[in-house]
Amino acid sequence: MLDIITGSVRTLFRKRGRTILTLLGIIIGTASVILINNISSLGNSAFVNEVNSLGMGGLSVTLKKQSAQLTHNELEEIRALPFVENAMPLMFESTDAYIRGKKSPVFLWGIDKGAKETVDLRLLNGRFLNSGDISSSSKACMIDSTLAKSFFGTERASGRTMVINSGSTGSEYRIVGVIKTGSGILQNMMGSYIPDFVYLPYTTMQENLGSSNYTQIAVRLKDNADSESAGAAIVKTIERSTGNKGAYTVTDLSKQKESISSLIDIFTLVLTAVGVISLFVAGLGIMNVMLVAVSERTREIGIKKALGAPKIYIVSEFLAEAALLTLIGCIAGIAFGTIASWIGAVVMGLTLKPDIGIMLTVTVFSLAVGVIFGIYPALKASRLRPVDALRYA
């Protein structure tokens, strides 16, 4: 067996140019599968972490009927439930902000003083909105770091002012804090497609919009709570309190997160199939190389058979060459794909966790492809008659 392996190595390196070109096909196919799976894993992980950091891992209570209301009373009813860790009123509005004639689309969040317990808000400069801001409906706001850099060229923007359109009018707001929401990955990846965030007291937004209602109530559950039963209990509690049946709905944001993760998995599967096809194309390249090798080594095969080499020896020799060629290309492809993925993860500030299972699966599959496409040339070589082979010039 050792003789077969050493002989295969010598044969492969005898035709270096042809071997390298064949290896490239295997390397590209293997690396593409590894890259696709690593990118999917990184993207899925980043998406889940970012959504969780935005406070979207729990439940959202909204209205089904415009005649119903979400007010402070409903908020307190929800907060009193034993499985609720925290509940926060939310107001939303998509609008524009201005500073020194510069305009930027922004997404306004109307929040209360406990927002940082539900949403991952990290203070970079200034302070958070406090109870005084909420009770007085003050014209105070917090802005995210990307907007601060865009408008002021620095994250140290607390104390400065900006004009925000909210409701039917534009007003001047004092920036009390600059924050960073989550890791900022989604905004970095999507760029201008995701507007910058601005946080106002929810009471200020209610005043601007002329409404005492909340747009929705965000609920964060305790760790041991079941989201489905909790959602049903919240709806039942509010309906009993208000007497308004069928007016409220609870959205399990973690379920939506799982749905998007499933879509990412399907997309990954489709792209992986493309990588697998490229491996089959590389397999055809291996078969072509091995058939050429049979033609070039016909006299050598004839001498071996004349000296008593059995068919199984000839078959094993060619299959060993095909397997070795595939294994070298596979290892190189896995290494290249992993290194490229790691570089991309470092650039994006993510942590790559290599999937050993995928690497082993790709290795086994690649070897199977190499051996399968090497069987025909091996059998063709073993079936040569010694007399005919020795006549080959």
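I take buried to mean under 20% relative accessible area, exposed over 50%, and partly exposed in between, with a 1.4 Å probe and protein chains only. I looked up Phe197 and Tyr199 under this rule, and both are buried.

The model is predicted, so I kept local features only at pLDDT of at least 70 and side-chain atom pairs only at pLDDT 80 or more, while totals for chains, interfaces and linings use all residues. Residues are numbered from 1 along each chain as its sequence is written, and side-chain values use heavy atoms, with hydrogens and water left out.

**Aromatic pairs**

I count rings of Phe, Tyr and Trp (its six-membered ring) as a pair if their centres lie within 6.5 Å; planes under 30 degrees apart are stacked, over 60 edge-to-face, and the rest tilted. The structure holds 11 aromatic pairs. Phe197 and Tyr199 make an edge-to-face pair, at 6.4 Å centre to centre with 85° between the planes.

I then looked up Phe280 and Phe373. Their ring centres are 6.4 Å apart and their planes stand at 70°, so this pair is edge-to-face. Phe280 lies in helix 9 (residues 253-296) and Phe373 in helix 12 (residues 356-382), so the pair ties together parts that are 93 residues apart in sequence. Helices here are DSSP runs of H or I with at least four residues, strands are runs of E with at least two, and both are numbered from the N terminus. Phe280 is partly exposed at 39% relative accessible area, whereas Phe373 is buried at 14%.

**Nonpolar cores**

A nonpolar core is a set of buried Ala, Val, Leu, Ile, Met, Phe, Trp, Tyr and Cys residues joined through side-chain atoms within 4.5 Å. Which members of the largest core touch the most others? I get Ile143, Val219 and Ile234, out of 43 residues. Strand 2 (residues 84-99) gives the most to this core, with 5 residues. A second, separate core has 15 residues, including Leu23, Ile286, Ala309 and Phe318.

I listed contacts (heavy atoms within 4.5 Å) for Val219. Beyond its neighbours within four places in sequence, Val219 is in contact with Gly58, Leu59, Val61, Ile78, Val84, Asn86, Ala87 and Ile234.

**Ser137**

Ser137 sits in the loop between helix 4 (131-135) and strand 5 (140-144). Is Ser137 buried or exposed? Ser137 is buried, with a relative accessible area of 15%. Not counting residues up to four places away in sequence, Ser137 touches Thr203, Thr204 and Glu207.
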